[in-house]
Amino acid sequence: MLKFRGSALPCFIKSCVTLVLILTCFSGYLRADELLKKIAVEVICNWKNYSFRVRPVDYINPPGRKRVDLLFGRRFGDFSAYLYWKYNSEDEHYLGTRLDYTARALEDRLRAIFQFRAFMGLNSRSEEHFYFITQWDYQVDKAGIWRPGLLGYGVMSVNGDAVFFLGPALTTRVTKFMSFRLSYGFDILNSDTLMYFKCYLFL
């Protein structure tokens, strides 16, 4: 059970209220059939320079696809490299790699994250594809609770199909063990939009 200390509970309440208000504002202007909705939960266990990550929940609608991810990696300074396995409800199995680079400036308040993923299919239903994800954000408070910024989320398959969602994002850390990110992106290559809510749990 999570325990909140000091000002953590008020921060948690403020974070939840803010995220609900943002979701409400966006949903009021968009029809459901114009909007992709993605929800993910990622559990992270770090020790020394190693990291194990499990994503037991990754759901996007439409088309209503569920996914599970497992990652094992190592950090090399500002770089990280992971071995990555994932499986979804359409019986697609993938093995791949994820490479991360994080740059910081302005006393670590400004952060830029660059992430590349490449996957090969493990069965005939699974098509090779690539991800490019970039996040820029800025820590606006001393406690590091609020980080507004910009998220770019791109996926391309070997057959040439591609999307790249770009738009504002808000990351908030409510306890030492939990943070949330909410983003809303416009596909600059097509006409879709993506609302993406992600919860991080740190063990």
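The largest pocket of this predicted model holds about 1,000 Å³ of space. Of the 40 residues lining this pocket, R53, T102, R104, R111 and I113 are the closest to its centre. A pocket is an open set of points on a 1 Å grid over the protein atoms alone, with protein on both sides within 12 Å along at least five of seven lines, and lining residues have an atom within 4 Å of a point. Volume is the space filled by probe spheres set on the points, which are joined across faces, edges and corners.

The second largest pocket is lined by 29 residues, with I60, R65, Y131, V155 and V163 nearest its centre. Strand β8 contributes the most to this lining, with 4 residues. Strands are DSSP runs (E, at least two residues) numbered from the N terminus.

The model also has 1 cavity of 30 Å³ or more; in a cavity, a 1.4 Å probe fits but cannot get out. Its lining comprises L151, Y153, F165, L166, G167, S183, Y184, G185, L194 and Y196.

| Space | Volume | Lining by class |
|---|---|---|
| Largest pocket | about 1,000 Å³ | 11 nonpolar, 14 polar, 15 charged residues |
| Second largest pocket | about 710 Å³ | 13 nonpolar, 5 polar, 11 charged residues |
| Largest cavity | about 50 Å³ | 7 nonpolar, 3 polar, no charged residues |

Ala, Val, Leu, Ile, Met, Phe, Trp, Tyr, Cys and Pro count as nonpolar, Asp, Glu, Lys and Arg as charged, and the others, Gly among them, as polar.

Residues are numbered from 1 along each chain as its sequence is written, and side-chain values use heavy atoms, leaving out hydrogens and water. Local features need pLDDT of at least 70 and side-chain atom pairs count only at pLDDT 80 or more, whereas totals for chains, interfaces and linings use all residues.
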